[in-house]
Amino acid sequence: MSEAVVSPVRVGRLSIGALGILALALGTLQSVVEPALPLLQRELGVSPAEGALVGNTLLVTGAVVAPVAGKLGDRYGGKRVLVRLMAVVSAGGLLAGLAPNLPVLLLGQVLQGVMVGALPLSFILVRHHLPAGASQLAIGVVIALFTGGGMVGTLFAGPIAEGLSWHWMFALPTIAIIAMTLVVTRLMPHDPPIRSDSRIDWPGMVLLSGTLLAFMLGLVKVTGSGLPPLAIGGLAVVVAALATGWVVVERRAASPMVDLRMLAKPALWHSCLLTLVITTSFGMVAFLLPQLFAVSADGYGFALSTTDIGLFLLPGAVAGAVGDSLGGIAARRFGLRAVLIVGAVVTAATMIALVSLHTAAWQLALAKVLAAIGAGAGTTALLNRAATAVEAGDTGIATSLLVVTRVIGVAVGSQVAGAILDAGSDAVTGRPAESAFAKGFAMAGLVAALSLSPLVLRSTKKGIQA
């Protein structure tokens with residue numbers, strides 16, 4: 001039977017509640033690393049640049065999964081794909097919970113990264129099994145609970161890591177994910193797949209993931225212990241070859257993962273470029289602040305515990321959620337250019353102020369709030385701009401490109417910040433000098449200020465309708 005003549009099976013509150021709690025647990029698992037990163041670096045004996053890779057491996061996997069999860073759900077059924085992805089996430093969470101060293105933890109983070117696909121798959125289920133009005137409400141609930149899970153993880157990572165061990169901050173959310181997946185499997189009806197003659201672009205997906213992973217691993221090596229020029233050149237050749245192969249495959253594929261013609265639209269590539277600038281600056285801030293909170297109070301640091309770091313970062317997590325929710329509204333009311341200019345000015349000024357004003361914990365907490373609002377509002381406004389600049393059928397892949405760019409920017413920013421701290425660390429104690437943090441804040445401010453360039457102002461002249 002075709003989908004047009006099949007009456008969808010309506011679901012009750014328990015099924016939607018299970019999806020929401022699953023999103024809450026996923027958001028928690030995703031966010032536990034940020035406040036606990038200094039502790040993980042001490043426990044595992046790794047440098048800041050290597051520590052940044054712990055969070056970035058999850059982001060890179062998510063960047064690869066984001067563009068294809070919805071397509072797989074449409075092809076094979078949202079419930080079927082969601083359950084299988086949650087099995088992978090659960091394996092990654094348990095592996096991270098048992099990890100004895102950094103390589104095993106990184107492998108666990110790679111597997112956990114497929115959780116990014118849970119949201120579009122949940123939306124497929126909600127839209128199929130609920131009427132239009134109720135589905136919009138349910139989608140909002142799922143998004144809100146995923147965001148709330150990020151706040152839960154930020155708040156409770158410290159008490160769990162300090163009261164039990166850092167292994168349990170991965171294990172406990174994973175147990176909740178397993179339980180809720182079983183509930184969803186039991187209560188949620190299957191949604192019929194959509195028949196399609198087009199094939200999944202597996203070669204394109206593999207080449208894109210290989211390009212991103214090679215780029216990130218190369219960035220860690222170059223910004224960490226350093227590499228000889230010949231090795232750096234070799235890495236550049238590998239990344240370029242993978243990227244070129246991906247472009248060739250996408251141009252020849254009957255049903256490409258990404259229609260490269262969309263990237264020629266000024267509104268789309270301008271949005272990608274701006275998103276990269278904004279998130280690179282924010283990624284530096286998000287990495288530097290927990291590190292400074294954790295540095296010994298002998299001199300310039302605060303020697304805060306993981307629990308206290310989470311408490312000081314929590315207002316920033318709330319502010320990020322507010323910025324995400326208000327970005328599109330602000331762009332429609334005041335214009336995209338105004339949103340980007342205000343965000344860039346506030347972020348750049350905040351970071352420049354931090355170069356000299358970082359002697360009180362509240363100063364750092366306030367800086368995270370301002371940077372999170374600016375980045376959240378700006379990237380959401382750009383996401384809306386991209387969505388309105390393409391045909392309706394290309395909305396999913398266009399917004400996925402912005403999500404991928406956002407992830408890459410955060411990852412690049414944190415790796416660069418880690419490299420700055422490594423370069424400014426004492427050879428004996430391994431503790432970064434205060435000047436290294438000042439340099440990192442200054443660099444983050446300069447990157448944010450790039451959003452004020454004449455090219456940016458021209459590209460946003462027509463606002464979100466460009």
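**Note on helix packing and buried sites**

1. The helices α11 and α16 pass each other in a left-handed crossing, where left-handed describes a near helix turned anticlockwise from the far one by less than a right angle, and right-handed the clockwise case. On the side of α11 the contact is made by Val277, Thr280, Ser281, Met284, Val285, Leu288, Leu289, Gln291 and Leu292, and on the side of α16 by Phe437, Gly440, Phe441, Met443, Ala444, Val447 and Ala448 (contact means heavy atoms within 4.5 Å). These residues divide into 12 nonpolar, four polar and no charged; Ala, Val, Leu, Ile, Met, Phe, Trp, Tyr, Cys and Pro count as nonpolar, Asp, Glu, Lys and Arg as charged, and the others, Gly among them, as polar.

2. The model is a predicted one, in which local features need pLDDT of at least 70 and side-chain atom pairs count only at pLDDT 80 or more, whereas totals for chains, interfaces and linings use all residues. Residues are numbered from 1 along each chain as its sequence is written, and side-chain values use heavy atoms, with hydrogens and water left out.

3. The secondary structure of the protein chain comes to 17 helices and zero strands (DSSP runs numbered from the N terminus, helices being H or I of at least four residues and strands E of at least two). The chain has 466 residues, of which 53% count as buried (buried is under 20% relative accessible area, exposed over 50%, and partly exposed in between, with a 1.4 Å probe and protein chains only). When contacts between residues at least 6 apart in sequence are considered, 82% of them join residues at least 24 apart.

4. How do α11 and α16 lie relative to each other? The axes of α11 and α16 (residues 434-449) come within 8 Å and cross at roughly 160° (axes are lines fitted to C-alpha atoms, for helices over the stretch in contact, with angles from 0 to 180 degrees between N-to-C directions). That makes α11 roughly antiparallel to α16, because angles over 145 degrees count as roughly antiparallel, under 35 as roughly parallel, 65 to 115 as roughly perpendicular and the rest as oblique.

5. Helix α11 also packs with α2 (residues 33-44), here at an angle of about 60° and with the axes 9 Å apart. That makes α2 oblique to α11, and α2 passes α11 in a right-handed crossing. In this pair, Glu34, Leu37, Pro38, Gln41 and Arg42 of α2 meet Ala286, Phe287, Pro290, Gln291 and Ala294 of α11. The residues of this contact divide into six nonpolar, two polar and two charged.

6. Within α11 (residues 266-294) the reader may also look at Thr279, which is buried, with a relative accessible area of 4%. Once its neighbours within four places in sequence are left aside, Thr279 is in contact with Thr379, Thr405, Arg406, Gly409 and Val410.

7. The axes of α4 (residues 78-98) and α5 (residues 102-112) come within 7 Å and cross at roughly 160°, so these two helices are roughly antiparallel to each other. The crossing of α4 with α5 is left-handed. Val88, Val89, Ala91, Gly92, Gly93, Leu95 and Ala96 of α4 make the contact with Val104, Leu105, Leu107, Gly108, Leu111 and Gln112 of α5. These residues divide into nine nonpolar, four polar and no charged.

8. Apart from neighbours within four places in sequence, Ala99 is in contact with Val104, Leu105, Trp166 and His167. Although Ala99 and His167 are 68 residues apart in sequence, their C-alpha atoms are 7.5 Å apart in space.

9. A further loop residue is His358, placed between α13 (336-354) and α14 (361-388), and at 3% relative accessibility His358 counts as buried. Leaving aside neighbours within four places in sequence, the contacts of His358 are with Leu292, Tyr300, Phe302, Gln363, Leu364 and Glu434.

10. Lastly, Ser15 has its place in α1 (residues 13-31) and counts as buried, at 7% relative accessibility. Not counting residues up to four places away in sequence, Ser15 touches Leu187 and Met188. Ser15 and Leu187 are 172 residues apart in sequence, yet 5.7 Å apart in space from C-alpha to C-alpha.
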